[in-house]
Amino acid sequence: VPPLSHLECILPHWAKLRSFLSEAHLNWKMQSRDRSVSPPKPGPKAKAGGKEVPGGAILKAVPVIPTSLVTIGDEIGKGRFKKVHRGKHKKNDVVVLQYAKDDSNTNELKILAHLSKPCAFVPEVYGVCNDRGMLIVVQELAVWGTLVGIIKSPDTSKNISPLHKLHFAKCVTSSMAHLQACRVVHADLSCRNVLVHRFEEDDPAASLLKVSDFGLSVLLPEGVEGECRRQPQPTRWCSPETIAECKLSYLSDVWTLGTVLWEMYSGGTAPWVKREKRADVAARLRDLAETGGTAEGGTDVSADFPIQDGCPNVAHEAVLSCLKCDEKSRPTFVQLADVLTSIIERLESGDAGDAPAPVRIPSPVVQARTLPQETVIRVIEESDDEEEDALPWNLDEDEDDADEATPANFKSLKDVLKTPNAIYTFGEQTMKLLFLEMDAARAREEYLMDMVKKLQDRDAKSLLPGPKKPKAVPARLRSRQRLTSSTDRLSSVAPAVARPRSLPRGHWTLWTFVGASLRRQDFAGEDDAWSAFDETTSHPCMLRDPSGAEAAARAWISSYFKLAPLVASPHASAMWA
C-alpha cells in the first residue's frame with residue numbers, strides 16, 4: 001500500500017488521469033475494430049470501421065470543452081434522445097445535454113452542428129465535452145423555461161398580455177423562417193419545444209423566444225423542398241400530408257406552426273381539443289389529405305380550432321391561414337411574420353385588433369404568378385438604394401397632381417391599395433412590389449402610346465411600300481377563345497387617336513414589340529393573321545381585328561386605346577419603327 005503522502009499527491013490529478021485513460025481506451029477499441037485503419041487521432045475526425053463516430057459533426061463545428069470545466073446539476077428535462085440538466089461552465093449557468101454515443105443521436109447532433117452559429121432564433125451552443133460513453137453539449141440556458149411552462153404557470157400567465165402573445169408568435173415565426181433559410185425542417189414543433197429566453201412584464205417587445213429540440217428534424221439538400229421519412233409523429237401537431245404520406249417540408253412546418261400558435265392562445269391545451277383520441281385526429285388528417293375532407297364536409301378545420309379568449313380576430317385568422325389542407329395555399333413564414341408585425345403595430349397604436357381580418361394571406365404560388373422573376377429582381381435592386389422615408393407605394397403626395405390621362409384601372413387600383421386594410425392585408429414588402437409593378441406598367445404604356453403616335457404621323461405622310469409576296473402560311477381551322485378587349489369599356493377615358501385614313505373592312509393587324517421597336521403587320525385574311533400570331537412566340541405581341549379591338553395578346557400589357565388601322569395591301573406587309 002503506498003504511503004498516504006503519495007495518495008495526496010495523486011488525488012488532485014485524478015480527474016485528468018481518468019480522462020486520459022478513457023480517451024486512450026476509446027482509441028484502442030476503435031483501432032481494434034479495423035486493423036487496416038491507422039490509429040485515429042483524438043477529436044472530430046475519429047472514425048470507427050470507416051464510419052464517422054456519432055457526434056463527429058458537432059465536434060468539428062464547436063469548441064471542445066474539458067469535462068473538468070463543466071459542472072452537471074439536477075435533471076430538468078428529457079428529450080427523445082437525450083437528458084437535460086442544469087449546469088455551470090466558467091461560473092455561468094448553462095444547460096447540459098447528455099447524449100449516448102450511438103447512432104440514434106447522430107441526426108440531432110448533425111442539426112445542432114449545422115445551426116451552431118450564434119443567433120436570436122436557436123439556443124447558442126458553447127461547446128461539447130467528449131466524455132467516455134457519452135457526448136455532453138453545453139448550451140445556452142433559457143431562464144424562463146419553455147413556452148408551455150410560462151403560459152400554464154399561474155405566477156407568469158397572469159402577466160402575459162395579448163401583446164406579449166403576439167410578440168411570442170412573431171419570435172417563433174421568425175425562428176422558423178431562420179430554420180427554412182438554413183434548409184432545416186423542424187418536424188416536431190410545439191410549445192414544449194419553444195424556449196423563453198427573455199420575458200418582461202412591462203415590455204412585450206423585449207420578448208425573446210427560441211426554437212429547440214431537433215431530434216426529428218430534417219436537413220434538406222440545396223433546392224429540395226421536402227422529403228418523405230418514416231419516424232415518430234406528434235399527431236396532434238402534424239399536417240395532413242405528414243400523416244398520410246410521411247411528408248416533411250417547410251409547408252408542413254407552417255401547418256404545425258398554426259397548431260402551436262393556437263396552443264399558445266389556448267393556455268397550453270393540445271390541438272384538436274374536440275377529439276380526445278389520437279386515432280380520431282389521425283383519421284381526420286388522413287381524410288383531409290386523401291379526399292379533401294369529404295367525410296366531414298370539406299377542408300375547413302375552424303370548428304376544431306375555435307378562437308380563444310384574448311386572441312384578436314385578426315390573429316386567429318392568421319392562425320387559420322396556416323391550417324389549409326392544400327399546402328400551397330399556406331403562407332410562408334416570412335409572410336406570416338409580416339402579418340403579425342402589422343397586427344402588433346395596430347395594437348400598439350391603440351387599435352383593438354377586431355377589424356375585419358384579411359381574406360387570405362397570399363401564397364408563394366400566387367405571388368410567383370403575379371410578379372415575373374425579372375420584375376422581382378429589378379424591384380429588389382431598386383429598393384435597396386431607396387431611403388426609408390421615400391416609400392415607392394406612398395401615393396398620397398401626388399393625389400392632387402394626378403395625370404388626367406392616367407388609365408381608369410390604374411386609378412381604381414390606387415384607390416384600392418390606399419385603403420386602410422391594404423397594407424395590413426398584403427404587408428409592406430408586397431405593397432412596394434405592387435406599386436413598382438404598376439408604375440412600370442404605366443411607364444411602358446406611355447412609351448407605347450408615344451411610339452404608336454409617331455408611327456401614325458409617319459404613315460400619314462407616306463403609304464407603305466408595294467406589296468411583297470409573303471411566305472405561304474397554311475390556313476388552319478382551330479377553335480379559339482376570342483378575348484374580349486377591355487378597350488371598348490375604357491376607351492372613353494383614353495386620349496383620342498387621330499385616324500389618318502380608314503382601312504377597308506376585313507384587314508387584321510398584328511403588333512409585335514421587339515426591343516425598342518414596334519413592328520406592324522397587316523393581313524387580309526383572318527386565318528393568316530391568327531397563323532402569324534401563333535408563330536410569334538419570342539416577343540410580346542397583340543392581334544387586333546379590323547375594328548381595332550384586341551383579339552388576342554401574348555406577354556403584352558393591355559392598351560387602353562384603339563389603334564387606327566393604316567391603309568395596306570391585301571397581303572401582309574411589315575414596318576419597323
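Contact here means that heavy atoms lie within 4.5 Å. By that criterion, among contacts in the chain between residues at least 6 apart in sequence, 66% join residues at least 24 apart. The structure is a predicted model. The chain holds 577 residues, of which 44% are buried, and its secondary structure comprises 19 helices and 18 strands.

The confidence of the prediction was considered next. The mean pLDDT of the chain is 74, with 64% of the residues reaching 70 or more. Where pLDDT is low, the predicted coordinates should not be read in detail.

Helix packing was examined for helix H11, which spans residues 313-322, and helix H12, which spans residues 333-348. The axes of H11 and H12 lie 10 Å apart and meet at an angle of about 175 degrees. Because angles over 145 degrees count as roughly antiparallel, H11 and H12 are described as roughly antiparallel to each other. On the H11 side, the contact is made by Val-314, Ala-315, Ala-318, Ser-321 and Cys-322; on the H12 side, Leu-336, Val-339, Ile-343 and Arg-346 take part. Classed by residue type, the contact of H11 with H12 has seven nonpolar residues, one polar residue and one charged residue.

Trp-272 is located in the loop between helix H9 (250-265) and helix H10 (278-291), whereas Phe-305 is located in the loop between H10 and H11. The pair thus links distant parts of the chain, its two members being 33 residues apart. Trp-272 has a relative accessibility of 0% and therefore counts as buried; Phe-305, also at 0% relative accessibility, counts as buried as well. Elsewhere, Trp-144, Phe-168 and Phe-199 form one aromatic cluster.

Ala-282 lies in H10 and has a relative accessible area of 15%. Because buried means under 20% relative accessible area, Ala-282 is assigned to the buried class. Not counting residues up to four places away in sequence, Ala-282 touches Thr-235 and Ile-243. Ala-282 and Pro-240 are 42 residues apart in sequence, and their C-alpha atoms are 8.3 Å apart in space.

Gly-298 is placed in the loop between H10 and H11. With a relative accessible area of 19%, Gly-298 is buried. When neighbours within four places in sequence are left aside, Gly-298 is in contact with Arg-284, Leu-288, Gly-292 and Gly-293. The C-alpha atoms of Gly-298 and Leu-288 are 7.9 Å apart, the two residues being ten apart in sequence.

How values were computed
Residues numbered from 1 in each chain as written. Predicted model: local features only at pLDDT ≥ 70, side-chain atom pairs only at ≥ 80, totals over all residues. Heavy atoms only, no water. pLDDT = per-residue confidence, 0-100. Axes fitted to C-alpha atoms, helices over the stretch in contact; angles between N-to-C directions. Helix = DSSP H or I, 4+ residues; strand = E, 2+ residues; numbered from the N terminus. Parallel < 35°, antiparallel > 145°, perpendicular 65-115°, else oblique. Nonpolar A, V, L, I, M, F, W, Y, C, P; charged D, E, K, R; others polar. Buried < 20%, exposed > 50% of the residue type's maximum accessible area, 1.4 Å probe, protein only. Phe/Tyr/Trp six-rings, centres within 6.5 Å; stacked < 30°, edge-to-face > 60°.
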